[in-house]
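Have the sequence and the 3D view open side by side as you read.

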Amino acid sequence: MEGIQQILNDWSERTRQELIDKYSSMGLKASGAFENGLTVETSEMKTAIWTVPHTWFMVNGRNRNSSQDKEKIKKWVGWAGSTFLKKWVKDKGLDISPFAVAYKIAREGIRVPNQHNDGTLISSVINDNSIDGLLSKIGIYIIKDIKTEIQQTWQR
């Protein structure tokens, strides 16, 4: 791997690690699914950093259940409390019923930013400055490549 693809790969891997570091420093870690789910795909002219679906909720929060129908809430609480929230409560080491957490989420949602999460997990790492830095490195590479081509052509 060389050239632009290497620049993209280096930037993406560094950004991936910065996201993991930010996630840990914010105290958002529970199961480790976020950092384990972050993957980088780089090709010759593009890069992508893939994350897990619950990243959206860590950054934006979650609305309360649109229907406050007691039966629908009871069904959601039963499902959420016995699946991902059961694991989350255990991973966080909390002494609370996952069903109580599910009920609170169903009734109130999760507001972000809040006292535990300012909602900047992604934007503090991937922003105009980080993109400008990447584009600058690519620009420098392209200019050096063109300069080399011109010199080689001129010397013939």
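Leaving aside its neighbours within four places in sequence, which residues is Asn117 in contact with? Before going there, keep in mind that this is a predicted model. The partners of Asn117 are Met26, Leu28, Met58 and Val112. Asn117 itself sits in the loop between H6 and H7, and with a relative accessibility of 6% it counts as buried, because the cut-off for that is 20%. Along the chain, Asn117 and Asn60 are 57 residues apart, yet 10 Å is what separates their C-alpha atoms.

That loop between H6 and H7 also holds Pro113. As a rule, most peptide bonds are trans.

Now follow Met58, one of the contacts of Asn117. Not counting residues up to four places away in sequence, Met58 touches Tyr23, Leu28, Phe34, Val112, Asn117, Gly119 and Leu121. Several of these names come back in the largest nonpolar core, which has 12 residues: Leu19, Ile20, Tyr23, Met26, Leu28, Phe34, Leu38, Val52, Met58, Val59, Leu121 and Val125. H1 and H3 each supply at least two residues of this core, and H1 gives the most, with 3 residues. In soluble globular proteins, nonpolar side chains do tend to be buried together.

So what does H1 look like? Helix H1 covers residues 4-25, and its 22 residues should span 32 Å at 1.5 Å a residue; the end C-alpha atoms are 31 Å apart, which agrees. The buried residues in H1 are Ile4, Ile7, Leu8, Asn9, Trp11, Ser12, Thr15, Leu19, Ile20 and Tyr23. When you look at the spacing of such a list, remember that an α-helix has 3.6 residues a turn, so residues three or four places apart point the same way. What do the buried residues of H1 pack against? Their partners are the helices H2 (33-37), H3 (55-60) and H7 (128-155), together with the strands E1 (39-42) and E2 (47-50). After H1 comes Gly27, with a positive phi near 75°.

There is also a second, separate core of 10 residues, and it includes Ile73, Trp76, Val77 and Ala106. Ile73 belongs to helix H4 (residues 70-82) and is buried, with a relative accessible area of 4%. Apart from residues up to four places away in sequence, Ile73 touches Asn65, Ser67, Gln68, Tyr103, Ala106 and Arg107.

Next, turn to the pairing of H5 and H6. Helix H5 (residues 84-92) packs against helix H6 (residues 98-108) at an angle of about 115°, and their axes are 9 Å apart. The crossing is right-handed. On the H5 side you'll find Leu85, Lys86, Trp88 and Val89, which meet Pro98, Val101, Ala102 and Ile105 of H6. Sorted by class, this contact has 7 nonpolar, no polar and 1 charged residues.

Notes:
Residues numbered from 1 in each chain as written. Predicted model: local features only at pLDDT ≥ 70, side-chain atom pairs only at ≥ 80, totals over all residues. Heavy atoms only, no water. Helix = DSSP H or I, 4+ residues; strand = E, 2+ residues; numbered from the N terminus. Expected span 1.5 Å × (residues − 1). Buried < 20%, exposed > 50% of the residue type's maximum accessible area, 1.4 Å probe, protein only. Contact = heavy atoms within 4.5 Å. Axes fitted to C-alpha atoms, helices over the stretch in contact; angles between N-to-C directions. Left-handed = near helix turned anticlockwise from the far one by under 90°. Nonpolar A, V, L, I, M, F, W, Y, C, P; charged D, E, K, R; others polar. Core = buried A, V, L, I, M, F, W, Y, C linked by side-chain atoms within 4.5 Å.
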